[in-house]
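Trainee: Could we go through this model together? I'd like to know what stands behind each label.

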Amino acid sequence: MNECDSVSSMTAPVPSLWSQVVSAGRYYWPRLKWQVICYAIASLVISVLIAVVSHYNLKFLYVMLMGLVSLMMIFAPLAFARYNSREADITFPVSWQAKSIFMIGYTVIIVPLLTMLLPVLSMEIFPGEVNMKIMLLTTKVFGEQGLPPMFEMIVSAKLNIYMNGVVPAMLTLFFVVLFKHNVVFKTVLWDVVIGIGLYIALMLYTAYTVFYRIVELSADGEPDPAEVEAVADTAVHGIMIPLMVGSTIFYIVAWIGLMILTAWKIKKRQI
């Protein structure tokens, strides 16, 4: 046996990607287990509360509970940001692909299942009269037939909860792997700043659209009240359709883009 054969025979086989993903899960589990336990308990409590508020038709509390589920998803990746763990995370002997698969999979699959499963079952069993599309239907801008099928799916409560939680959650995960110091503080700060920025942009777009249509109507003198109501319905239609389509496209593009950026950042910092 020559020297090359001797060296090659002593080289340990490279573990499969799946084995490395499992190893990554075992490595991160100590910092994730309490989050999993707390989220499971919170999910059970929220599902019970959803049944109660649906029975009494408490719409405001219902929307707050849905928002709470989304917030749980948004900040779940902070569990990866353990103090003084960055060096160990970087040098832990699994590939960047395995780390990316586990961290992204935990964020977009495991956490949503953990947080949404029981509340969604509660919504199905105790639907009450609350629905995310009520606001749109009451404007009557879609006529007697209600929302078109595609928009029924876009404004469904389940899809809204998932997309409003998992897309910002991917942004949180990206910040967690991006920042080197004060990770939790910087991540929460930038999440809030970007969230407020998007909200302000949405409000400005809505205000501009409504104002433009009112000015257009008032150009010929004092408008008739019936015309004002018609313009209000038309404005809502002109706002909501582009907004639903645009936000859906934005969510999908941002979701994919953030997964790519997160995996790229994990690869870049890998040793």
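Trainee: Which residues have the most contacts inside the largest nonpolar core, and how many residues does that core have?

Mentor: The core has 49 residues, and F80, F102 and M103 have the most contacts inside it. A nonpolar core is a set of buried Ala, Val, Leu, Ile, Met, Phe, Trp, Tyr and Cys residues joined through side-chain atoms within 4.5 Å. Helices α2 (17-55), α3 (59-75), α5 (96-125), α8 (157-178) and α10 (225-269) each supply at least two of its residues, and α8 gives the most, with 12. Before we go on: this is a predicted model, where local features need pLDDT of at least 70, side-chain atom pairs count only at pLDDT 80 or more, and totals for chains, interfaces and linings use all residues. Residues are numbered from 1 along each chain as its sequence is written, and side-chain values use heavy atoms, with hydrogens and water left out.

Trainee: What elements does the protein chain have?

Mentor: The chain has 10 helices and 0 strands. Those are DSSP runs numbered from the N terminus: helices are H or I with at least four residues, strands E with at least two.

Trainee: Why is K265 called buried?

Mentor: Buried means under 20% relative accessible area, exposed over 50%, and partly exposed in between (1.4 Å probe, protein chains only). K265 has 14%, so it counts as buried. This lysine sits in helix α10 and is in contact with F174, V177 and L178, leaving aside neighbours within four places in sequence. Contact here means heavy atoms within 4.5 Å.

Trainee: And what makes L78 buried or exposed?

Mentor: Its relative accessibility is 18%, so L78 counts as buried. L78 is in the loop between α3 and α4 (86-91). Not counting residues up to four places away, L78 touches T172, V176, V184, T187 and V188. Take T187: it is 109 residues from L78 in sequence, yet their C-alpha atoms are 8.1 Å apart.

Trainee: Why does N182 count as exposed?

Mentor: Its relative accessibility is 56%, so N182 falls in the exposed class. N182 lies in the loop between α8 and α9 (183-218). Its phi is near 50 degrees, a positive value in a residue other than glycine. For background, most residues other than glycine have a negative phi.

Trainee: What makes the pair of Y27 and F92 stacked?

Mentor: Rings of Phe, Tyr and Trp (its six-membered ring) pair if their centres lie within 6.5 Å; planes under 30 degrees apart count as stacked, over 60 as edge-to-face and the rest as tilted. A search of the whole structure finds 11 aromatic pairs. Y27 and F92 are 4.2 Å centre to centre with 20 degrees between the planes, hence stacked. The pair links distant parts of the chain, with Y27 in helix α2 and F92 in the loop between α4 and α5, 65 residues apart. Both Y27 and F92 are buried.

Trainee: How do you know what to call the pair of F174 and F175?

Mentor: Their centres are 6.0 Å apart and the planes make 45 degrees, which puts the pair in the tilted class. F174 has a relative accessible area of 13%, so it is buried; F175, at 8%, is buried too.

Trainee: Where does pLDDT stay under 50?

Mentor: Over residues 131-145, for which the model has 25 contacts beyond four places in sequence. pLDDT is the predictor's confidence in each residue, from 0 to 100. Where it is low, the predicted coordinates should not be read in detail. The chain averages 78, and 70% of the residues score at least 70.
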